[in-house]
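Subject: Structure handover

Hello,

Please find the structure below. My notes on it follow.

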Amino acid sequence: MTTEEVKSYLLENFKSLNIVKAEEDMFFMHPNNDKLPFVTILTKDNEYDSFSNLDRNGFFRLNFCMDKETFKSNFGYLTEKKGLEAFINVGIDFTKEDTLLPHPTYGSMNWVCVVNPSEETFMSIIKHLESSFQVLERN
């Protein structure tokens, strides 16, 4: 998928989202939580995060939060560390495409990421997005 396809899907299916852009990066915000993005799309490395080597032409990373139980069942075995960058030195290749991974910086907060998700992978994570969105809608 492309960033435009992901963006279009999110805006068409999660009606109340707003986009905050920082150059080509996109932060999809829900009006009930203007402090923490619902989903982000990063298109380049920056001084804080170059783990996925996004400076390659056509590469992007989709980031979102998952419920704690699902995150733990997928990645809880990887580390007992807490805090930012807890998943950095546990042997994960954050440049790997089309694979759901803990977020390199915010994994300890149940954030996950996918570099260049295929349509199949993107559709498989929709249930997680829908669940998170429903929680935001209720608040």
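**Aromatic groups**

F14, F38 and F133 form one aromatic cluster. For rings, the rule is that those of Phe, Tyr and Trp (its six-membered ring) pair if their centres lie within 6.5 Å, with planes under 30 degrees apart counted as stacked, over 60 as edge-to-face and the rest as tilted.

This is a predicted model, in which local features need pLDDT of at least 70 and side-chain atom pairs count only at pLDDT 80 or more, while totals for chains, interfaces and linings use all residues. Residues are numbered from 1 along each chain as its sequence is written, and side-chain values use heavy atoms, with hydrogens and water left out.

Seven aromatic pairs turn up in a search of the whole structure. One of them joins Y9 and F122: the ring centres are 5.3 Å apart and the planes stand at 90°, so the pair is edge-to-face. Y9 belongs to helix α1 and F122 to helix α3, so this pair ties together parts that are 113 residues apart in sequence. Helices (H or I, at least four residues) and strands (E, at least two) are DSSP runs, numbered from the N terminus. F122 is buried, at a relative accessible area of 0%; buried means under 20%, exposed over 50%, and partly exposed in between (1.4 Å probe, protein chains only).

F14 and F133 have ring centres 4.9 Å apart and planes at 65°, so they too make an edge-to-face pair. F14 sits in the loop between α1 and β1 and F133 in helix α3, so that the pair links distant parts of the chain, 119 residues apart. Both residues count as buried: F14 has a relative accessible area of 3%, and F133 has 10%.

**The sheet**

Six strands make an open sheet in the order β1-β2-β3-β4-β6-β5, with antiparallel pairing. Two strands pair if DSSP finds at least two bridges between them. At the edges are β1 (18–22) and β5 (101–102), each of which pairs on one side only. Helix α1 (residues 3–13) packs on the sheet and touches β1, β2, β3 and β4 (61–65), and its direction makes about 10° with that of β2. Contact here means heavy atoms within 4.5 Å; axes are lines fitted to C-alpha atoms, for helices over the stretch in contact, and angles run from 0 to 180 degrees between N-to-C directions.

Strands β2 (residues 25–29) and β3 (residues 39–42) run antiparallel and are joined by three bridges. F27 has T40 as its bridge partner in β3, and F28 stands opposite V39. On to β4, which is antiparallel to β3, there are four bridges, and T40 stands opposite N63 there.

In a regular strand the side chains alternate between the two faces of the sheet. From β3, V39 and I41 point one way and T40 and L42 the other, and all are buried.

**Around S132**

S132 is in helix α3 (residues 119–138). Apart from its neighbours within four places in sequence, S132 contacts F38 and C65. A polar atom of the S132 side chain lies 3.4 Å from the backbone oxygen of C65.

Regards

Methods
Polar contact = N/O pair within 3.5 Å; in protein donor to acceptor, adjacent residues only side chain to side chain.
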